[in-house]
Amino acid sequence: MRDRPVIYGGLAVFLAVITLPFWRGIESGVTTKGPELARPATARQCVASTEFMKSSHMLLLMEMRDQAVRSGDPWYVGAGHGTYTISLTGTCLEQCHGSKTEFCDRCHDYAGVAPGCWSCHLDAGHSTGSLTAMRSSR
Amino acid sequence: MNLSRKAFLRVSCFSLLGAAMRKTAAAFGSTFSRKVQWGMAVDIRKCARRPECTACIDVCDQAHNVPRVPDKRHEVRWIWKDTPEHAFEGEDFRYSSIAKLPVMLMCNHCDDPPCVRVCPTQATWKREDGIVAMDWHRCIGCRYCMAACPYESRSFNWVDPRPYIKTANPEFPTRTKGVVEKCTFCVERISQGREPACVEACPEKALIFGNVMDANSEIRRMLSSRDHVTRKPELGTGPNVFYLL
């Protein structure tokens with residue numbers, strides 16, 4: 001029974017090592033709660049319901065893209081029966097959501113997705129001087 | 001199944017004939033049934049009144065975020081200036097009065113565009129109104145269209161264009177490395193009922209834009225009253241940019 005300290009010591013080290021991710025999580029303050037999104041400054045009504053936008057905004061964006069580019073029809077009739085010009089930078093960002101970093105990036109970074117939209121579409125309010133910086137940061 | 005030799009031959013002959021007729025009808029139908037075909041007339045002499053003027057190039061580059069890459073090999077251009085000798089290859093300009101005048105060149109938005117035929121992803125296609133449009137979302141950068149275009153109207157983004165755009169226009173996207181681009185006759189303005197940016201910007205009104213299918217349009221009146229040429233008409237592409245002599 002002389003090796004009891006060794007056994008308990010080893011057990012303690014083992015437990016510490018396998019629970020390490022939990023400790024580190026607590027330390028860095030990570031929660032399972034998603035990121036807080038900045039609310040649109042002025043607009044109260046999106047082109048579709050929040051639930052739909054949360055789950056399917058990428059499909060809607062692609063549908064709008066095809067409509068504007070392939071059919072040459074830049075008008076989208078939203079759920080609230082408002083008509084919107086299809087423009088990622090001009091309408092989605094500038095009119096409603098304001099900033100790519102405050103809105104799009106927060107969720108995309110959290111979810112670990114990097115959509116290619118911004119390699120061509122411009123972030124509203126960014127001058128070209130920062131274009132290069134914007135791209136290299138992604 | 002019991003099919004006699006004669007019946008078999010008859011059926012195959014009729015099927016072949018039917019297929020051929022559909023192809024033929026489609027080929028002719030697209031050209032003749034078009035109600036709108038946007039076109040441009042360039043008045044070479046009016047344009048040459050200001051030999052140093054680059055208003056159309058500047059406004060186009062600004063409107064569409066066309067990068068100004070200093071390296072000629074990586075140049076991106078939508079509308080540019082060249083000599084008549086280059087523009088109208090094969091013509092003899094030795095004693096011509098326009099030999100030294102600059103000529104504005106751009107995509108010809110051909111009736112039968114070879115770039116559209118070769119594009120493997122349909123990233124470039126001919127719209128109902130005759131504009132050879134581009135969908136940069138689809139372009140995979142294979143450059144088949146560049147090889148097919150006899151007018152060198154298409155440019156490839158060999159490098160990231162963004163560092164070469166001085167002040168970006170947020171209304172229009174930039175392109176990314178590995179994508180082909182060209183003049184689109186300002187589709188984004190046409191959908192709002194406006195003329196292309198270069199036409200609006202020209203201080204001499206040397207660019208005339210309009211529907212060449214409409215016999216009463218200004219461009220058609222211009223073309224019927226003045227002598228004009230197109231680039232490389234012998235290729236059968238049917239260019240819709242006309243040069244008034």
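Visitor: What percentage of the residues of chain A count as buried?

Guide: Of its 138 residues, 12% do. A residue is buried if 20 or more other C-beta atoms lie within 10 Å of its own, exposed if 12 or fewer, and partly exposed in between, with C-beta atoms placed from the backbone. Before we go on, this is a predicted model, where local features need pLDDT of at least 70, side-chain atom pairs count only at pLDDT 80 or more, and totals for chains, interfaces and linings use all residues. Residues are numbered from 1 along each chain as its sequence is written, while chains are lettered from A and ligands numbered from 1 in the order in which they are written.

Visitor: What makes up the secondary structure of chain A?

Guide: Six helices and two strands, running α-α-α-β-β-α-α-α from the N terminus. Helices (H or I, at least four residues) and strands (E, at least two) are DSSP runs, numbered from the N terminus.

Visitor: Where in chain A is confidence lowest, and where is it highest?

Guide: Confidence here is pLDDT, the predictor's own value for each residue, from 0 to 100. Helix 6 (residues 131–136) of chain A is lowest at a mean of 45, and helix 1 (residues 4–18) of chain A is highest at 94. Over residues 132–138 of chain A the pLDDT is below 50, yet beyond near neighbours in sequence this stretch has nine contacts in the model. A contact means that the C-beta atoms of two residues, placed from the backbone, lie within 7 Å. For chain A as a whole the mean pLDDT is 81, with 85% of residues at 70 or more.

Visitor: Why is Lys177(B) called partly exposed?

Guide: Lys177(B) has 14 other C-beta atoms within 10 Å, so it falls in the in-between class. Lys177(B) sits in the loop between strand 6 (155–156) and strand 7 (180–181) of chain B. Leaving out residues up to four places away in sequence, Lys177(B) touches Asn157(B), Val159(B) and Asp160(B).

Visitor: What makes strand 8 and strand 9 of chain B edge strands?

Guide: They belong to an open sheet of four strands in chain B, with order 8-1-10-9 and mixed pairing. Strand 8 and strand 9 each have a single partner strand, so one side of each is left without a neighbour in the sheet.

Visitor: How do you know that strand 1 and strand 10 of chain B pair?

Guide: Two strands pair if DSSP finds at least two bridges between them. Four bridges join strand 1 to strand 10 of chain B, in parallel, so the test is passed. One of the residues involved is Ala41(B), whose bridge partner in strand 10 is Phe242(B). Strand 9 (residues 228–229) and strand 10 of chain B are joined by two bridges and run antiparallel; there, His228(B) stands opposite Leu244(B).

Visitor: Which residues have the most contacts inside the largest nonpolar core?

Guide: Val42(B), Cys60(B), Ile79(B) and Leu207(B), in a core of 48 residues. Such a core is a set of buried Ala, Val, Leu, Ile, Met, Phe, Trp, Tyr and Cys residues joined through C-beta atoms within 7 Å. Beyond four places in sequence, Cys60(B) touches Val66(B), Trp78(B), Ile79(B), Ala197(B) and Cys198(B).
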